[in-house]
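Hello,

Here is the structure I promised to pass on. Please have a look at it first, and then read my notes below.

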Amino acid sequence: MIKLQVIGNLGRDCVTNNVNGKTVMNFTVAHTERYRDAQGNQQERTIWVDCAYWSDRTAVAPYLKKGTQVYVEGAPEVRTYAKNDGSTGASLSLRVQNVQLLGQKQENQGGFQPQTSGGYQQAGPAGNPIQQPSGLQQAPVAMGDPGDDLPF
C-alpha cells in the first residue's frame, strides 16, 4: 500500500456529489514548498492535489472552504489526460481516507480558526465559535518555533 500525506490550503470550496448512490466530496489542496536552489536563490514550488473523499460523513463539507488549511492522507493516483495541443498531461489525485482541519487563511469564513492560546477553536460557517459541552476541555497544543522552514 502507498500512502500520501499532504498539508496545504484548499484551492476551492468542497463540492459534494452523489455517484451511483455513494457520496463523494471533491476538493483541491495546494502544497507549497520553499527552498533554495544551487545558486542560493529562494524558490517556491506548488503542487496541486485533486482529492476525492468517499464518505457519508459530509458534516465536514461546509468547513472545507477555499483557503482553509487541511491535512489529508490517502492512496495516491496519477491520472493522465489529453491536453488541447494533443500532448499528454498528468495530475496527482488522492483517494482520501482521513481529513483534518488545521486552520484558516482568511478570517470569518467558517472552518477552524487559530486561538490566542495556540490551539484551534471550532467555528461554524458564519465564523461564530461553537461552544463545547461543559466538562470537555481542549488540551493546549505545544509547538516549538518552526522558523521560516515551513512549506506554507
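I began with leucine 64. Leaving aside neighbours within four places in sequence, this residue is in contact (heavy atoms within 4.5 Å) with Leu10, Arg12, Asp13, Cys14, Phe27, Val70, Val99 and Leu101.

Before going further, a word on the source: this is a predicted model, in which local features need pLDDT of at least 70 and side-chain atom pairs count only at pLDDT 80 or more, while totals for chains, interfaces and linings use all residues. Residues are numbered from 1 along each chain as its sequence is written, and side-chain values use heavy atoms, with hydrogens and water left out.

Leu64 also belongs to the largest nonpolar core, which has 19 residues; Leu64, Phe27, Cys51 and Val72 have the most contacts inside it. By nonpolar core I mean a set of buried Ala, Val, Leu, Ile, Met, Phe, Trp, Tyr and Cys residues joined through side-chain atoms within 4.5 Å. Buried is under 20% relative accessible area, exposed is over 50%, and partly exposed is in between (1.4 Å probe, protein chains only). Two or more residues of this core come from each of β1 (4-10), β3 (22-36), β4 (42-54), β5 (68-82) and β6 (88-104), and β6 gives the largest share, four residues. Strands here are DSSP runs (E, at least two residues), numbered from the N terminus.

On strand pairing (at least two DSSP bridges between two strands), β1 has two partners to look at. β1 and β5 run antiparallel and are joined by six bridges, with leucine 4 opposite glycine 74. β1 also pairs with β3, again antiparallel, over two bridges; there leucine 10 stands opposite valine 29.

Finally, the whole structure holds four salt bridges, counted when a side-chain nitrogen of Lys or Arg is within 4 Å of a carboxyl oxygen of Asp or Glu. Here are three of them:

- Glutamate 73 and lysine 3 have their closest N and O atoms 3.8 Å apart. Glutamate 73 is in β5 and lysine 3 in the segment before β1, 70 residues apart. The glutamate is buried at 14% relative accessible area, whereas lysine 3 is partly exposed at 48%.
- Glutamate 33 and arginine 45 meet at 3.2 Å, N to O. The former lies in β3 and the latter in β4, so the pair ties together parts twelve residues apart in sequence.
- Arginine 79 and glutamate 77 come to 3.3 Å between their closest N and O atoms. Arginine 79 is partly exposed at 46%, and glutamate 77 is partly exposed at 32%.

Best wishes
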